[in-house]
Amino acid sequence: MKKIVLVEDQTLLRDALASLLSLHDDIDVVAQFANGKEALHWLAKEENRADIVVTDIEMPEVTGLELAEALHQQKLGCKTVILTTFARAGYLRRAMDAGVVGYLLKESPTEELAEALHRVAMGQKVIAPELMVNAWMEQDPLNDKERKALRLAHQGLTTEQIAEKLFLSAGTVRNYLSNAASKLNARNRIDAARIAHQNGWL
């Protein structure tokens with residue numbers, strides 16, 4: 001029996017997915033969460049165990065990629081599968097770097113997801129074939145600090161607000177945003193955030 005944790009901020013989709021997966025005799029959905037922060041808090045408790053975490057990417061508080069990175073670093077003993085609408089090479093590259101072993105699109109049939117979970121449990125990696133061709137063509141030019149600053153800029157925060165959230169000086173944040181814009185050949189930080197988001201680098 002494979003113990004599955006679902007992390008998806010859309011309640012209707014999460015509930016539907018849990019119901020469909022539970023129809024399989026070898027799958028047990030043991031917990032569901034609306035974001036990565038809730039899931040990480042639950043998984044960090046010794047009494048809570050899961051074999052596979054199935055997570056969306058873009059969620060409030062902690063994204064699916066940040067969740068995958070945390071699970072990989074903390075060695076909590078569960079494998080991570082991304083289930084998303086975003087067929088972006090940048091996201092896939094970051095997911096693989098974060099130790100993700102499965103990357104599937106939400107448009108995939110439930111039977112395909114169930115089969116993927118079975119293969120992941122057996123130690124295999126499962127990547128949606130339509131993503132493989134472009135996955136390694138585009139290099140992410142941003143470093144982690146630039147990405148965090150640009151992500152907050154994309155959310156509409158001012159330089160001062162970003163500095164406060166990242167515990168940095170406003171001047172340092174301006175440098176990060178300027179460097180990011182330069183790397184992306186963007187006109188300004190708003191344009192840089194747009195380009196980075198389109199490529200899955202945020």
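Helix H5 is followed by Gly123, whose phi is positive, near 100°. Helices here are DSSP runs of type H or I with at least four residues, numbered from the N terminus. The model is a predicted one, in which local features need pLDDT of at least 70 and side-chain atom pairs count only at pLDDT 80 or more, while totals for chains, interfaces and linings use all residues. Residues are numbered from 1 along each chain as its sequence is written, and side-chain values use heavy atoms, with hydrogens and water left out.

H5 itself comprises the 12 residues 110–121. Its end C-alpha atoms are 17 Å apart, which agrees with the 16 Å that it should span at 1.5 Å a residue; the expected span is 1.5 Å times one less than the number of residues. The buried residues of H5 are Leu113, Ala114, Ala116, Leu117 and Val120, where buried means under 20% relative accessible area, exposed over 50%, and partly exposed in between, with a 1.4 Å probe and protein chains only. These buried residues fall within an arc of 160° when seen down the axis of H5, so they line one face of the helix. The arc is that of the directions from the helix axis to the C-beta atoms. An α-helix has 3.6 residues a turn, so residues three or four places apart point the same way.

H9 covers residues 170–183, has 14 residues and reaches 20 Å from its first C-alpha to its last, close to the 20 Å expected. Which residues of H9 are buried? They are Val173, Tyr176, Leu177, Ala180 and Ala181. They cover an arc of only 130° around the axis, which puts them on the same side of H9. What covers the buried residues of H9 includes helix H7 (144–154), helix H8 (159–166) and helix H10 (189–198).

Phe167 is placed in the loop between H8 and H9, and its phi is near 55°, a positive value in a residue other than glycine. Phe167 is exposed, with a relative accessible area of 75%. Asn185 is found in the loop between H9 and H10. The phi of Asn185 is likewise positive, near 55°, in a residue other than glycine, and Asn185 is exposed, with a relative accessible area of 69%.

Attention now turns to empty space. Rolling a probe the size of a water molecule over the atoms shows where empty space is left. The largest pocket has a volume of about 400 Å³. On a 1 Å grid over the protein atoms alone, a pocket is an open set of points with protein on both sides within 12 Å along at least five of seven lines, a cavity is a set of points where a 1.4 Å probe fits but cannot get out, and lining residues have an atom within 4 Å of a point. The largest pocket is lined by 19 residues, of which Thr63, Glu66, Arg151, Gln155 and Leu202 lie nearest its centre. Helix H3 (64–74), helix H4 (89–97) and H7 are the elements that give two or more residues to this lining, and the largest share, 4 residues, comes from H7.

The structure also holds 1 cavity of 30 Å³ or more. The largest cavity, with a volume of about 30 Å³, is lined by Leu43, Asn48, Arg49, Ala50, Leu76, Gly77 and Cys78.

Terms used: Contact means heavy atoms within 4.5 Å. Grid points are joined across faces, edges and corners, and a volume is the space filled by probe spheres set on the points.
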